[in-house]
Amino acid sequence: MIFSSRMFHGLAVALPLCVVQPAAAVDAQGGYAARGTPAVMRCADLTRLLQPAAPAQPGVQGTPALNPAARAAQIGAFMAWVDGVLTGVNMSLPNTFDISPYRGASIVQALVVQRCAANPTLFVHQAVLQAVNALGPFRSQSDSPVVAISVNGNNLAIREDTLRQVQQALMTRGFLRAGRPDGRFTVSTRAALKRFQEAQRLPLSELPDPETLQRLAVR
């Protein structure tokens, strides 16, 4: 599932699955109102906000640093705003329990920060929609238990519904023996993820992490 290019102003990630065009979400020209202060921030501003303030240098003028309380408040506002965007997407898209395959919004927030670091001129709301679009193919389509996964000290919480989709994608590509996806993080599922990551030259996390899911979504 991906959003239409109209909704993204040409910024949609090309994951050729099922295009959803929620006409009510945009006007005739493909525009929409971006609400909330974080939405209208540029990515460069968000990147600066998230970086620890550098110590002031004597005799060097620059932009005054925010005091810790103000900085924490702005970071909190950004995180809460992302949560609100995700909730709105969940409410508006069919066959979607949670647009994020993962429990909580921290991974989506991390993807937004990653995209902002690479594209400082984007508005934050555009980076959020790119992150949402990247995760969309493996969204949770129904409420299901959360599977807590730990591999080599790295932890991930993903719903059974999404893990079944990951298993099916691995079967389709020939990395996992054909059968009925069970939504369990089995030894064979972990090994199949590792083989897929090796084939794609991805970091060998052996987890259904965001980069792996995005590669699995590309046909």
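Modeller: Let's start with a definition: a residue is buried under 20% relative accessible area, exposed over 50% and partly exposed in between (1.4 Å probe, protein chains only). This is a predicted model, in which local features need pLDDT of at least 70 and side-chain atom pairs count only at pLDDT 80 or more, while totals for chains, interfaces and linings use all residues. Residues are numbered from 1 along each chain as its sequence is written, and side-chain values use heavy atoms, with hydrogens and water left out.

Colleague: Thanks! Is cysteine 116 buried or exposed?

Modeller: The relative accessibility of cysteine 116 is 1%. With that value, cysteine 116 counts as buried.

Colleague: Which cysteine forms a disulfide with cysteine 116?

Modeller: A disulfide here is a pair of cysteine sulfur atoms within 2.5 Å, and searching the whole structure finds 1. Its sulfur atoms are 2.1 Å apart. The partner of cysteine 116 is cysteine 43.

Colleague: How many residues apart in sequence are the parts that this pair ties together?

Modeller: Helices are DSSP runs (H or I, at least four residues; strands are E, at least two), numbered from the N terminus. Cysteine 43 lies in helix α2 (residues 43-50) and cysteine 116 in helix α4 (residues 106-118), so the separation is 73 residues.

Colleague: And is that disulfide left-handed or right-handed?

Modeller: Look at the torsion about the S-S bond of cysteine 43 and cysteine 116, which is about -50 degrees. The disulfide is therefore left-handed.

Colleague: At what angle do the axes of helix α6 and helix α7 cross?

Modeller: Axes are lines fitted to C-alpha atoms, for helices over the stretch in contact, and angles run from 0 to 180 degrees between N-to-C directions. The axes of α6 (residues 160-172) and α7 (residues 187-200) come within 11 Å and cross at roughly 55 degrees.

Colleague: Which residues of α7 make the contact with α6?

Modeller: Contact means heavy atoms within 4.5 Å. On the α6 side are Val166, Gln167 and Leu170. From α7 come Thr189, Ala192, Leu193 and Phe196.

Colleague: Last one: what is the phi of asparagine 95?

Modeller: Most residues other than glycine have a negative phi. Asparagine 95 sits in the loop between α3 (68-92) and α4, and is exposed, with a relative accessible area of 56%. Though not a glycine, asparagine 95 has a positive phi of about 55 degrees.
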